[in-house]
Amino acid sequence: MGIVYLRGEYLPADEAKVPVNDRGFLFADGVYEVTPAYRGRLFRWDQHLARMRRGLAGIAIDFDAASLREVKEELLARNGLTDVPVAYVYVQVSRGVAPRSHAFPDPPVAPTVYGFANQYHRPSMDRWQQGFDAVTVPDQRWARCDIKAIALLPNVLAQQAAAAAGVTDAIFVRDGMALEGSHANLFAVFDGVLTTSPKSNYILHGVTRDFVIELAQGLGIPVEERAFTLAELQAADEVFLSGTTTEVRPSVEVDGKKIGDGRVGPVARALFEEFLATVGGSSA
Ligand code: PDD
């Protein structure tokens, strides 16, 4: 049982208790961040912090997220994760504890901050080389997917659809466009061009997405940020997902149909190798 952070204290997870009137519990009224740590070093903290600040501002929670760096580092240390290849640290901030009433508490109450850290187990390179699979699901989320809100019911149902189908990932489709995964961003390769949905309110602006685009640019792979349809996705040469708990994960089969020749493609492979070289990882 790990050590978690709750309302200013570090304590064993089974001793951490949230009041029933917490608005995170009652309304999913809060935002969260998941930051990877490679050998104990937080990866792209500034970008994660900036996104959390935008999210907090977007739902009008007054909280200084800069203080979370120390919490994240302390969680890594207290859970013995400073030396593991990859860990990730979760932190959520809810609007706080107040009797149930839809509008914000007035006067405001102190936000509730909760965090935990876990090791991430990267698949072996042999497993990765086989590729993964996905199903598509209708995107039933709200129109502010750019806010990393803790309200994740559509994402939960999407991932459950993947679990029920016995596949690894779920891909959201809205108005015919294949946008992103249930907890990862989506890339496709068309004639050598790496393509991903533009940053809009309909996707989460993934930190790993930005990283993958930078890696592609460094490798001289052309990148286009444009929305693409489900039909295009099905006809793509390659499809893969990116995210903190996904890294670079190729989908070689979507909705039971092969992508390209059904094998992991050269662009995903080159990007994952570069990804590992940059974060100092090993795929074994
Ligand atoms: N999810 N899109 C969605 C809907 C996500 O939930 C996530 C991350 C991403 C990738 O973002 P990033 O590269 O910054 O991790 C894209 C986290 C990991 C989660 O919900 O657990």
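Student: Why is R69 called partly exposed?

Tutor: R69 has a relative accessibility of 35%, and the classes are set as buried under 20% relative accessible area, exposed over 50% and partly exposed in between, with a 1.4 Å probe and protein chains only, so R69 falls in the middle class. This is a predicted model, in which local features need pLDDT of at least 70 and side-chain atom pairs count only at pLDDT 80 or more, while totals for chains, interfaces and linings use all residues. Residues are numbered from 1 along each chain as its sequence is written, and side-chain values use heavy atoms, with hydrogens and water left out.

Student: How do you know that R69 and E73 meet in a salt bridge?

Tutor: A salt bridge requires a side-chain nitrogen of Lys or Arg within 4 Å of a carboxyl oxygen of Asp or Glu, and the N to O distance between the side chains of R69 and E73 is 3.1 Å, so the pair qualifies. The two residues stand four apart in helix α3, residues 68–78, and are therefore separated by about one helical turn; helices here are DSSP runs of H or I with at least four residues, strands are runs of E with at least two, and both are numbered from the N terminus. E73, at 35% relative accessibility, also counts as partly exposed.

Student: What makes the pair of K199 and D210 a link between distant parts of the chain?

Tutor: The side chains of K199 and D210 meet in a salt bridge at 3.0 Å, N to O. K199 is in the loop between β11 (193–196) and α6 (207–218), whereas D210 is in helix α6, and the two are 11 residues apart. K199 is partly exposed at 40% relative accessibility, and D210, with a relative accessible area of 23%, is partly exposed as well.

Student: How many salt bridges does this rule give, and which residues are joined into one network?

Tutor: The count comes to 19 salt bridges, including the one between D261 and R263 at 3.9 Å, N to O, a distance that still lies within the limit. R263 is exposed, because its relative accessibility is 61%. Salt bridges that share partners join D139, R141, R174 and E180 into one network.

Student: How many aromatic pairs does a search of the whole structure find, and why is the pair of Y38 and F43 called edge-to-face?

Tutor: The search finds 12 aromatic pairs. The ring centres of Y38 and F43 are 5.5 Å apart and their planes stand at 90 degrees; rings of Phe, Tyr and Trp (its six-membered ring) pair if their centres lie within 6.5 Å, with planes under 30 degrees apart counted as stacked, over 60 as edge-to-face and the rest as tilted, so this pair is edge-to-face. Y38 is buried, with a relative accessible area of 8%, and F43 is buried at 15%.

Student: What makes the pair of Y114 and F116 tilted?

Tutor: The centres of Y114 and F116 are 6.0 Å apart and the angle between the planes is 45 degrees, which belongs neither to the stacked range nor to the edge-to-face range, and therefore the pair is tilted. Y114 is partly exposed at 26%, as F116 is at 21%.

Student: Which residues form one aromatic cluster?

Tutor: Y38, F43, W128, F211, F272 and F275 form it.
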